Amino acid sequence: MYKVLFATSEAYPLIKTGGLADVSGSLPVALQSLGHEVIILLPAYPEACQRTEKLKTLTTLSLPHGEVKLLEGYLPGTKVKVWLVDCSVYFNRPGNPYLGPDGDPWHDNADRFHLFAQVAIAIATSKANLNWQPDIVHCNDWQTGLIPALLHTESLSHEQKATTIFTIHNIAYQGLFPYSTFIALGLPEELWSSEALEFHDQVSFIKGGLVFADRVNTVSPNYAKEIQSPEYGYGLDGLLLHRSDRLSGILNGIDDTVWNPETDPYLKTNYDHKKLAGKKKNKAALQKEYKLPNEPNTLLVGLVGRLVHQKGIDLVINSLPELATLPVQFVALGTGEPAYEHALRDMARLFPKQISVNIGYDEALAHRIEAGADVFLMPSRFEPCGLNQLYSLRYGTVPIVRRVGGLADTVVDAAPETLKDKTASGIVFDNADGESLYAAVIRAKELYQDKKIWKQIQQTGMRGESSWKHSAQQYTQLYELAIKDCQK
Ligand code: ADP
């Protein structure tokens with residue numbers, strides 16, 4: 001069993017912008033229940049400080065930047081320790097951890113996550129006087145990419161060196177900054193090369209993880225393959241192909257203490273796969289909440305997510321006028337690109353009886369949509385794993401997804417043979433265009449008319465295994481392999 005420092009820039013319920021937070025708030029708990037000792041390392045954002053349990057000051061570190069406090073507490077309701085990097089000039093800002101109030105990235109993101117990396121290095125190399133040294137430093141996404149790179153430049157013996165894992169939650173976000181930032185940060189000169197952090201004359205934080213981590217993984221087997229191709233690799237496919245012997249995919253699990261229709265406190269009525277009647281009450285409540293007519297037999301389509309190009313929101317917007325006349329009802333919750341927010345609001349004004357949107361971020365409402373909708377729409381252009389379709393499956397809300405990334409790994413299309421052998425759990429379509437999405441909804445609507453078949457699809461999804469247990473075991477194997485690599 002290993003000591004794991006789990007470095008991340010968000011973790012539910014301390015701070016969340018997307019799936020990374022869900023993973024960082026639940027994988028450490030699952031790893032700990034397998035016997036590992038996991039400590040989450042997170043910036044001390046104000047919300048995180050408020051929500052961390054039993055918070056106290058652990059130590060003060062002297063870094064080139066100055067003194068930085070390390071706070072210690074617990075992830076709420078768990079025995080997993082959280083260490084918060086308390087540098088107020090960088091992290092004591094309310095709101096989004098990466099973006100300022102104008103929606104643009106904070107101007108000093110490179111400095112912020114460089115400092116965060118320096119703290120991780122101090123812990124990993126026993127320079128923090130904590131009497132605790134990790135066997136594994138598990139890094140997540142570009143915000144932690146400098147950690148494996150900087151550890152590589154430290155002159156340490158095998159015994160002193162922690163093994164590094166880098167998990168890609170989304171290859172499209174790379175942490176790219178100009179060369180002047182590389183100089184201003186004072187990064188070691190040897191890291192300025194196309195075989196290190198340089199990426200088309202810029203410094204790429206994510207490359208630090210991809211090049212220098214002992215093992216790299218991503219959050220679904222299919223996405224692990226896809227990112228080795230130009231279509232999905234965002235310019236890093238060559239490097240990933242080069243590291244393919246060290247690259248793998250492990251599907252995300254879901255936290256079933258948070259996402260469970262039997263116990264979910266946000267729902268009107270709790271239910272399970274045997275008592276699906278409760279789901280109808282949630283549908284009626286959702287229609288009411290969204291001010292749509294109470295129509296028990298009209299297919300209610302739900303969508304929750306970041307309103308960005310990746311998620312295929314434009315395909316949805318283009319199809320909505322036709323979908324409204326079918327008719328189906330459509331409810332959405334999300335924030336993102338202003339053009340999509342406006343277009344969705346316009347659609348709701350044009351079709352007030354069929355379309356209703358909530359532009360905002362609302363954890364509780366996300367749960368109620370998962371429970372109240374009949375189908376959940378995820379027409380993503382790419383999707384590393386996707387969590388919402390896993391929540392939908394768990395809640396008996398049939399996912400309609402594009403055959404891409406983790407969506408293809410987790411949803412089985414309702415075709416004649418899969419309906420016959422009872423493995424069908426959703427609707428899967430191929431092309432990223434409005435017609436294909438429209439045809440998929442029509443298919444869902446037809447299946448929805450056959451109550452027996454529909455129930456079978458719902459129950460197949462609800463019974464499926466999506467907890468973290470299996471995936472946490474796979475992470476344990478990954479740690480073992482990485483440690484072996486380091487000993488060679
Ligand atoms: P991504 O990480 O690409 O945003 P995922 O499907 O992996 O997508 O995870 C998204 C997570 O963020 C889910 O838990 C989803 O419910 C949540 N989420 C996204 N947007 C919102 C929102 N506007 N309100 C509440 N929850 C949201």
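This briefing covers selected strands, helices, loops and single residues of the structure above. The model is predicted. Strand β14 (residues 329-336) pairs with β13 in the parallel sense, and β14 also pairs with β15 in the parallel sense. An open sheet of three strands has the order β8-β10-β9. Glutamate 383 sits in a loop and is buried.

**Strand β14 and its partners**

- Six of the eight residues of β14 are buried, so this strand is largely enclosed by the rest of the structure.
- Strand β13 (residues 300-307) joins β14 through eight bridges, in the parallel sense.
- Valine 304 has leucine 333 in β14 as its bridge partner.
- Strand β15 (residues 355-359) also runs parallel to β14, with five bridges between the two.
- Leucine 333 has a bridge partner in β15 too: asparagine 358.
- Helix α12 (residues 313-324) forms a right-handed β-α-β unit with β13 and β14.
- Helix α13 (residues 338-350) forms a right-handed β-α-β unit with β14 and β15.
- Proline 327 lies in the loop between α12 and β14. A cis peptide bond joins leucine 326 to proline 327, with omega about 0°.

**The β8-β10-β9 sheet**

- Pairing in this three-stranded open sheet is antiparallel.
- Its edge strands are β8 (176-178) and β9 (198-199), each of which pairs on one side only.
- Helix α7 (residues 205-212) packs on the sheet and touches β8, β9 and β10. The direction of α7 makes about 55° with that of β10.
- Strand β10 (residues 202-204) is joined to β9 by two bridges, and the two strands run antiparallel.
- Glutamate 198 stands opposite valine 203 in β10.
- Aspartate 201 is in the loop between β9 and β10. Its phi is positive, about 70°, although the residue is not a glycine.
- Aspartate 201 counts as exposed because its relative accessibility is 57%, and the cut-off for exposed is over 50%.

**Glutamate 383**

- The loop that holds glutamate 383 runs between β16 (375-378) and α15 (388-394).
- Its relative accessibility is 3%, so glutamate 383 counts as buried; the cut-off is under 20%.
- The side chains of glutamate 383 and serine 380 make a polar contact of 2.7 Å.
- Leaving aside residues up to four places away in sequence, glutamate 383 touches Tyr223, Gln310, Lys311, Met378, Val404, Gly405, Gly406 and Leu407.

**Helix α18**

- Helix α18 (residues 434-449) has 16 residues, which should span 22 Å at 1.5 Å a residue. The end C-alpha atoms are 23 Å apart, which agrees.
- Buried residues in α18 include Gly434, Ser436, Leu437, Ala440 and Val441. Ala444, Lys445, Leu447 and Tyr448 of α18 are buried as well.

**Other loop residues**

- Proline 13 is in the loop between β1 (3-7) and α1 (19-33). A cis peptide bond joins tyrosine 12 to proline 13, with omega about 5°.
- Aspartate 141 lies in the loop between β6 (136-140) and α5 (146-153).
- Phi of aspartate 141 is positive, near 65°, in a residue other than glycine.
- Aspartate 141 counts as buried because its relative accessibility is 8%.

Conventions:
Residues are numbered from 1 along each chain as its sequence is written. This is a predicted model: local features need pLDDT of at least 70, side-chain atom pairs count only at pLDDT 80 or more; totals for chains, interfaces and linings use all residues. Side-chain values use heavy atoms; hydrogens and water are left out. Helices (H or I, at least four residues) and strands (E, at least two) are DSSP runs, numbered from the N terminus. Buried means under 20% relative accessible area, exposed over 50%, partly exposed in between (1.4 Å probe, protein chains only). A polar contact is a pair of N or O atoms within 3.5 Å; within protein, one must be able to donate a hydrogen and the other to accept it, and residues adjacent in sequence count only if both atoms are side-chain atoms. Contact means heavy atoms within 4.5 Å. Two strands pair if DSSP finds at least two bridges between them. Axes are lines fitted to C-alpha atoms, for helices over the stretch in contact, and angles run from 0 to 180 degrees between N-to-C directions. The expected span of a helix is 1.5 Å times one less than its number of residues. A crossover is right-handed if, with the strands pointing away from the viewer, the path from the first strand over the helix to the second runs clockwise.
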